[in-house]
Amino acid sequence: MRNDYIAVMDSGIGGISVLRALKDAFPNERFLYYGDNYNAPYGNRSVQNLLSLSMRNIDYIKSFGVKAVVLACNTLSVNLIHDICAYSGLPIFGVFPPVESCIIAGEKTLLMATVRTAENYKSDKNVDVIGLPTLVNSIEKNTTDLSRVDFSKILSESAVGNFINRKGYYNTVILGCTHYEFIKNQIFDHFCPQKIICGHFFTIKIVEKFLKINKSSVNYNDFDVLFVGENSLLNQNFWEKSGQSILKTTKKL
């Protein structure tokens, strides 16, 4: 079996935002997408439970022949990337909220993330951190019509502090969950920040370094995305119908 694929793994549709960025950057690569929608959201689960799920999912993904895995999930990346790397024996790349760069720049910043990710970051004078326990679930339930996600209501139910309703209060809002990319417009309308950022850019850079070192493994012939797992059809439909797909995808399992 050829180890052709770069696997992209997430708790559901969130990682499709990372898949899109990867496919933009590396159009000649073959990608495999696994979304564990059934167990979403990951951000409310214990670290031990997440490790157990990840080990199972890695074993499944490896059966297709992969050369690297992108954890397209901030929760897994922040909490378990080293454990998953040790277990898998594969190159593992993560997606991390770029909090440090905002702190260095002295920008007034809001980090929105899952509860499990938010626990790894502390609020300070320039950074507010909010863990949202229900937002991912709402996004997963409304894949066919994301306008049904009531971001402002979910935020008011999950967060405290007057800052959550201050338009223009933040220079930067960091999306600390890959699912949040799909409601970026709602988030922008609520906060009106100067910019909204995520960790995709840094993930692309490190994958690029990996591919340069492993030139012989780059595939120049196939341009497909293979969706696998129990929810492969759901994820592929979202990829194609939400405008994320760049190239025609023809395979699913």
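F31 and V225, the latter in β9, are bridge partners in this predicted model, and they belong to a pairing in which β2 and β9 run in the parallel sense over four bridges. Strand β9 is covered on both faces, and β9 is also one of the elements that cover the buried residues of helix α1.

- The buried residues of α1 are I16, S17, V18, L19, A21, L22 and K23, and what covers them includes the strands β1 (5–10), β2 (30–35), β3 (66–71) and β9 (225–228), together with the helices α9 and α10 (232–241).

**The largest pocket**

- The largest pocket holds about 220 Å³ of space, and among the ten residues that line it, T143, T144, F238, K241 and S242 are the closest to its centre.
- By class, the lining of the largest pocket consists of four nonpolar, five polar and one charged residues.

**The second largest pocket**

- The second largest pocket holds about 160 Å³ of space, and its lining is made up of 13 residues, of which V95, F96, G199, F202 and T203 are the closest to the centre.
- At least two lining residues of the second largest pocket come from each of β4 (92–94), α4 (99–105) and α9 (200–213), and α9 gives the most, with three residues.
- The lining of the second largest pocket divides into eight nonpolar, four polar and one charged residues.

**The cavity**

- Rolling a probe the size of a water molecule over the atoms shows where empty space is left.
- One cavity of 30 Å³ or more is counted, and the volume of the largest cavity is about 60 Å³.
- The largest cavity is lined by 14 residues, with S11, C73, T75, T114 and C177 lying nearest its centre, and the lining comprises five nonpolar, eight polar and one charged residues.

Key:
Residues are numbered from 1 along each chain as its sequence is written. This is a predicted model: local features need pLDDT of at least 70, side-chain atom pairs count only at pLDDT 80 or more; totals for chains, interfaces and linings use all residues. Side-chain values use heavy atoms; hydrogens and water are left out. On a 1 Å grid over the protein atoms alone, a cavity is a set of points where a 1.4 Å probe fits but cannot get out, and a pocket is an open set with protein on both sides within 12 Å along at least five of seven lines; lining residues have an atom within 4 Å of a point. Grid points are joined across faces, edges and corners, and a volume is the space filled by probe spheres set on the points. Ala, Val, Leu, Ile, Met, Phe, Trp, Tyr, Cys and Pro count as nonpolar, Asp, Glu, Lys and Arg as charged, and the others, Gly among them, as polar. Buried means under 20% relative accessible area, exposed over 50%, partly exposed in between (1.4 Å probe, protein chains only). Contact means heavy atoms within 4.5 Å. Two strands pair if DSSP finds at least two bridges between them.
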